[in-house]
Amino acid sequence: MGQKRLFSHFLKFNLTDQGVSPVVGTLLMLVITLLLIGVTAVSLAGVPNPLKKGLTADVEIELIEGGVPNEVRYKENFITLAHEGGDPLPLENIRIVIVGQGSSYTGVVAHGGKIVDGDIRATYLDLGPAGKEPHYVTSNPCIADGYWSAGEVILLNGDDGLGHNSTVTVQVGSITNTSNNFGFKKGTEVTVKIIENPSGRLISGCNANVMAAKKI
């Protein structure tokens, strides 16, 4: 009788011990896994994410030709920009700022309007067709897919921003109420900056001297 009780007690103990061991092992594995996840997360926190670096591209000025009235008209000012390599640039996420010496028109022709000379800052708020004259689209067929890609050239014109709701703004010194047209003096240096929207990060910058415009 005593032997049966001992055997029964021994069997119960073994079964209980075998049931606890896997549970303890599972808990230990879970704790170790959580610790490893925490360590990995801390380690990766300082590693830069390439997806958050932003757009990169090499943009160069192929040619700037122009002048100011009465030498030439604003529509005879052209800036040719070449995408030499890097990411395709989404038109709506790219801003172009052009700075140099030149002029723009302010007011209404024959009603008090006049040409103002000085430091020009022409800004293309984006590269999409909206808010630009029709010739902008016909001069730039490469933008049809919504991107400015490597190997493609974009042509900017001094009259791109005429009309209402212009997405081209032109400032001369402190004067902002211009007709949003521009011309740059021949022989002077112009700086072009390609900027990512909305971060404001500089993608590329270049400069070149203005060549005399060809009459059109």
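Colleague: How many salt bridges does the count come to, and what makes a pair a salt bridge?

Modeller: The count comes to 3, where a salt bridge is a side-chain nitrogen of Lys or Arg within 4 Å of a carboxyl oxygen of Asp or Glu. This is a predicted model, in which local features need pLDDT of at least 70 and side-chain atom pairs count only at pLDDT 80 or more, while totals for chains, interfaces and linings use all residues. Residues are numbered from 1 along each chain as its sequence is written, and side-chain values use heavy atoms, with hydrogens and water left out.

Colleague: Why is the contact between Arg201 and Glu196 called a salt bridge?

Modeller: The N to O distance between the side chains of Arg201 and Glu196 is 3.1 Å. The limit is 4 Å, so the pair qualifies. Side chains of opposite charge can pair when their charged atoms come close.

Colleague: Is Glu196 buried or exposed, and how do you know?

Modeller: Glu196 has a relative accessible area of 13%. Buried means under 20%, exposed over 50%, and partly exposed in between, with a 1.4 Å probe and protein chains only; Glu196 is therefore buried.

Colleague: Where is Glu196 found, and which residues is Glu196 in contact with beyond its neighbours within four places in sequence?

Modeller: Glu196 is in strand 10; strands (E, at least two residues) and helices (H or I, at least four) are DSSP runs numbered from the N terminus. With those sequence neighbours left aside, Glu196 is in contact (heavy atoms within 4.5 Å) with Gly54, Leu55, Asn93, Arg201 and Ile203.

Colleague: What makes Arg73 partly exposed, and is Glu76 buried or exposed?

Modeller: Arg73 has 40% relative accessibility, so it falls in the middle class. Glu76, at 2%, is buried. Their side chains meet in a salt bridge at 3.2 Å, N to O.

Colleague: Which residue forms a salt bridge with Lys132?

Modeller: Asp126 does, with the closest N and O atoms 3.1 Å apart. Lys132 is buried at 9%, and Asp126 counts as buried at 14%.

Colleague: What makes Leu27, Leu30, Leu34 and Ile37 a nonpolar surface patch?

Modeller: Patches are made of residues with over 30% relative accessible area and no salt bridge; like charges are joined within 9 Å, and nonpolar side chains (Val, Leu, Ile, Met, Phe, Trp, Tyr) within 5 Å. Leu30, in helix 1 (residues 2-45), has 48% relative accessibility and counts as partly exposed. The patch covers about 410 Å², with areas from the Shrake-Rupley method and only the protein chains shown counting as cover for residues.

Colleague: Which residues touch the most other members of the largest nonpolar core?

Modeller: Of its 35 residues, they are Leu81, Ile96, Ile98, Trp148, Leu156, Val192 and Ile194. A nonpolar core is a set of buried Ala, Val, Leu, Ile, Met, Phe, Trp, Tyr and Cys residues joined through side-chain atoms within 4.5 Å.

Colleague: How do you know that strand 1 and strand 2 pair?

Modeller: Pairing requires that DSSP finds at least two bridges. Strand 1 and strand 2 have 8 bridges in the antiparallel sense, so they pair. Val59 stands opposite His83 in strand 2.

Colleague: Why are strand 7 and strand 12 edge strands?

Modeller: The open sheet of 4 strands has the order 7-2-1-12, with mixed pairing. Strand 7 and strand 12 (211-212) each have a single partner strand, so one side of each is left without a neighbour in the sheet.

Methods: Areas by Shrake-Rupley, 256 points an atom, 1.4 Å probe, with all protein chains shown as cover.
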